[in-house]
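Here is a short note for a colleague opening this structure for the first time. Please keep the view at hand and follow the numbered points.

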Amino acid sequence: AVQAEITKAVPVGNKSNLGGAISVVEPGTGKVLAMGQAASFEKNQTNWNVDQIYGGGPYGYQFGSTAKMFGLVTALEQGMPMNSTINVPFASNNQDHVFQGPKVVGAECGANEPWKVGNDYAIGGRQMTLAEGISKSINTWAAQLSIEVGPCNVLDTMKKMGFVAALLLDGSLQTPRRRDQDQGGHYHHRHGEREGGRRQNR
């Protein structure tokens, strides 16, 4: 059933060259109930759901707008209520905002170069509540919130909620990226259902 659903949503060999993977994980135990991906096994034997040591790729995958939840949880844990506001930079689908400065470039857990972030539509340039930012899935809101609560703190929240560094074939670790096994069990366990992602931060 899982394989049928994922290939229905993302047909194998589609013209856009899109792929997709899904894992069904039992909350609380981590037991894998089902796993599937939209790929031809004849052309690709990589399991997109797991670490490289278990047959997955070496880098993991970005997981788009579901990442916004971790910044929000960090803010709530720091005492910011849902009606608190932050100043959200303007951006659109063809005009990025560039985050830079010492809190971003070269900062611990920050970026190594100016960070360009766009939105799905023109929005920002004003104060915005946590509730509005998360409900509208605004990329510049999420980026600004991450900077304000501290990117290392957001990373700590991800680890506390079950994300792990990708385990490579040589036994080394890398910065946490999405594995469906990680995201499914811990996200659903703490927060019910996944937020529908928009275009991921670029």
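1. Start at Ser-137. Its relative accessible area is 5%, so Ser-137 counts as buried, the cut-off being under 20%. The model is a predicted one. Ser-137 sits in the loop between H3 and H4. Its phi is positive, near 55°, and Ser-137 is not a glycine. Most residues other than glycine have a negative phi.

2. Asn-17 belongs to the loop between helix H1 (2-9) and strand S1 (21-25). Is Asn-17 buried or exposed? Asn-17 counts as exposed, because its relative accessibility is 70% and the cut-off is over 50%.

3. Now the overall plan. The protein has six helices and eight strands. Their order along the sequence is α-β-β-α-β-β-β-β-α-α-α-β-β-α. Of the 202 residues, 41% are buried. Among contacts with a separation of 6 or more, 63% link residues 24 or more positions apart.

4. Look next at H4. Just after H4 comes Gly-150, with a positive phi of about 100°.

5. H4 meets H5. The axes of helix H4 (residues 139-149) and helix H5 (residues 151-160) come within 5 Å and cross at roughly 100°. That angle makes H4 roughly perpendicular to H5. From H4, the contact uses Ser-146, Ile-147 and Val-149; from H5, it uses Pro-151, Asn-153 and Val-154. By class, this contact of H4 with H5 has four nonpolar and two polar residues, and no charged ones.

6. H5 also meets H2. Here the axes come within 9 Å and cross at roughly 100°. H2 is therefore roughly perpendicular to H5. H2 brings Phe-70, Gly-71, Val-73, Thr-74 and Glu-77 to the contact. H5 brings Asn-153, Val-154, Thr-157, Met-158 and Lys-160. The classes in this contact of H2 with H5 are four nonpolar, four polar and two charged residues.

7. The largest nonpolar core has 23 residues. Which residues have the most contacts inside it? They are Phe-70, Met-80, Leu-130, Trp-141 and Leu-145. Helix H2 (68-77), strand S3 (85-88), helix H3 (130-136), H4 and H5 each supply at least two residues of this core. H2 gives the most, with five residues.

8. Another core lies apart from the largest one and has five residues. Phe-99, Val-104, Val-117 and Ala-143 are among them.

How values were computed. Residues are numbered from 1 along each chain as its sequence is written. This is a predicted model: local features need pLDDT of at least 70, side-chain atom pairs count only at pLDDT 80 or more; totals for chains, interfaces and linings use all residues. Side-chain values use heavy atoms; hydrogens and water are left out. Helices (H or I, at least four residues) and strands (E, at least two) are DSSP runs, numbered from the N terminus. Buried means under 20% relative accessible area, exposed over 50%, partly exposed in between (1.4 Å probe, protein chains only). Contact means heavy atoms within 4.5 Å. Axes are lines fitted to C-alpha atoms, for helices over the stretch in contact, and angles run from 0 to 180 degrees between N-to-C directions. Angles under 35 degrees count as roughly parallel, over 145 as roughly antiparallel, 65 to 115 as roughly perpendicular and the rest as oblique. Ala, Val, Leu, Ile, Met, Phe, Trp, Tyr, Cys and Pro count as nonpolar, Asp, Glu, Lys and Arg as charged, and the others, Gly among them, as polar. A nonpolar core is a set of buried Ala, Val, Leu, Ile, Met, Phe, Trp, Tyr and Cys residues joined through side-chain atoms within 4.5 Å.
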